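Keep the coordinates open as you read.

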Amino acid sequence: MTDSNVNIIKLTAAEIASRIAAGELTAVEVTEAHLARIEAVDEKVHAFLHVDRDGALAQARAVDEKRAKGEKLGPLAGVPLALKDIFTTEGIPTTVGSKILEGWIPPYDATLTKRLKAADVVILGKTNMDEFAMGSSTENSAYGPTGNPWDLTRIPGGSGGGSSAALASYQAPLAIGTDTGGSIRQPASVTGTVGVKPTYGAVSRYGMVAFSSSLDQGGPCARTVLDAALLHEVIAGHDPLDSTSIDAPVPAVVEAARNGSVEGMRVGVVKQFRGEGYQAGVVQRFDESVSLLKELGAEIVELDCPSFDLALSAYYLIAPSECSSNLARFDGLRYGLRTGDDGTHSAEEVTALTREAGFGDEVKRRIMLGTYALSSGYYDAYYGSAQKVRTLITRDFEKAFEQVDVIVSPTTPTTAFPIGERADDPMAMYLADLCTIPTNLAGNAAMSLPCGLAPEDNLPVGLQIIAPAMQDDRLYKVGAAVEAAFVERWGHPLIEEAPSL
C-alpha cells in the first residue's frame, strides 16, 4: 500500500466524510485505498465473504459526481462500509455464513441496505459471520473462521466477527452487525472497537435473515463513538415493512456523541455482572472504568437484579425455539441449496437431505433444542417458563432505571480466546454472552467501547453501557465522555495499539 492509502485508512468515518465534502479527497480515492487494504490483509484475516469491487467503485463515482454538480451530500457520503452477510443485497450474494444459501443472489435490498445506499455510504462487501448468527466466535461459519487482528490465532467475537475484524484491521471505517444475544457488542469488546445494539425495533429487520425474531436487532459498528452515532442515525427509523419497527423519532444520538458528559448522571453497577468466570484483567479494567466515571462527575449506584442470573438459561430456550420456527423455510424447494433432487426421492426426503448437507452442527443443535422446547407436553415447562423469566428480567431493568440513568458492566467475562479452544464445549462458548443477553431479552439499548487492555494477555477489554428503551442517546453521551477521557489518559485511541498486519 502507498503512504497516502495508509493515511486514508487510518481516518475516522467523520474525517473521511468531511474531507470528501471539502474536496480534499474523492470518494473513489477513499474506496480504492480500502480495497487495496482488503487485498493486502484479508487473506490472513478473512473478514469478508464477498468483496464487491465494481459496485463499490460505482457508488463512489456517483458520490463524486454529486459533489461536482454541487448537490448536497449526506453526513457519511463516500464513506466505505463492511456489511454483515445477513442483510439482503440485490445482485450480491447473501449466504448468512451457511452452505444452505451458498450462491443465493437476493432479488431485493433489505431496508437497512437501501438506507445505506440512499445516504451514499459505499458498501465494500459482505462480512463473515457464524452461520445464521448462531455463535460467539465466528468459528461456526461454513466458510471458515475469521482471525482477530490483535492476534490472528484468536477469535474476533461472534456472530459478527467479520465486521469487527474489518474495523480493527482498517479494512473499513464502518460496519454493520446484528445483535441477538450480544453479537455486535461482544465482537466490539474483543477487537477494541465500538458496537451498539439499538433499542429493539429501532432499526428495521426487513431483509435481515431471521434467527430469533423477538431478539434480533441490526446496529452500527465503528472505531469511534461519533462514527457509530453517525451510522446509527442513517440506519434507524420507522419502517412500515417491519411490523416490529418503532414509529417514533430517532433519538438525537449524533448530538449526544458530540456533547459527551456524565456530570450529575447516576450510573448503576449490577452485582450479578461479576464473580466466577470473570477474567481478573477484565474485572480490573472495569473497576478502573467505574472509578473514571466517578471522577467525571457520575454518581455510582450498586444494583441487585437477581433475575439476571437466569438470563442465559432463558435465552437458550427462547432463541432456539424461534430459530426452529424461522429456519423451517429452508427446505430446498424454494431457494438456496437443493440436495437429492434426482427423481428418486420424495419432497420430504429432498428437504431432509438438503438440511443435512446445508446446516452446520451448531444450527442443527439449536433447531433440535428449540423444536424439543416447543413440542407438545414441554411447551409450558420450557418455552413458557423462559418467557416468564424474560418478564422478570424486564421488571428488574425497569426497577433499576428508576434509580439510575444508565447501567455499566464488562461487555464479556474474558478477552478473546484462542480459535478452537471452545469449539467442542457449547456451554463454555455460550458463557461469552453472560453480560449481553439480559439487554436483548428486555429490548433495551446497549453499547460496548474499549476500556483498555487486560494486563495478563494485552488484549482489548470492553465496557458495556446499557440504557432504557428509546434512550439510545444516553449511550452516546456517556460513551463519548468515557472515550475522550480514556484517549486523554492513553494519549491515543486504543485501536492504535493493535499490531499492524
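Which residues lie nearest the centre of the largest pocket? They are Ile 9, Lys 10, Tyr 170, Ile 495 and Glu 496, out of 19 lining residues. A pocket here is an open set of points on a 1 Å grid over the protein atoms alone, where a 1.4 Å probe fits, with protein on both sides within 12 Å along at least five of seven lines; lining residues have an atom within 4 Å of a point. About 330 Å³ of space lies in this pocket, the volume being the space filled by probe spheres set on the points, which are joined across faces, edges and corners. Its lining divides into 11 nonpolar, four polar and four charged residues (nonpolar: Ala, Val, Leu, Ile, Met, Phe, Trp, Tyr, Cys and Pro; charged: Asp, Glu, Lys and Arg; polar: the others, Gly among them).

A note on reading all this: the model is predicted, so local features need pLDDT of at least 70 and side-chain atom pairs pLDDT 80 or more, while totals for chains, interfaces and linings use all residues. Residues are numbered from 1 along each chain as its sequence is written, and side-chain values use heavy atoms, without hydrogens and water.

Stay with Ile 495, in the segment after α17 (472-490); helices (H or I, at least four residues) and strands (E, at least two) are DSSP runs, numbered from the N terminus. Ile 495 is buried at 7% relative accessible area, where buried means under 20%, exposed over 50% and partly exposed in between (1.4 Å probe, protein chains only). Beyond its neighbours within four places in sequence, Ile 495 has contacts (heavy atoms within 4.5 Å) that include Trp 150, Tyr 170 and Arg 223.

Tyr 476 touches, among others, Val 196, Pro 220, His 232 and Met 447.

Leu 116 is one of the buried residues of helix α5 (residues 111-118), along with Thr 111, Leu 112 and Thr 113. Their cover includes β2 (80-84), β3 (122-127), β4 (174-178) and α8 (225-235). Just after α5, Asp 120 takes a positive phi of about 65°.
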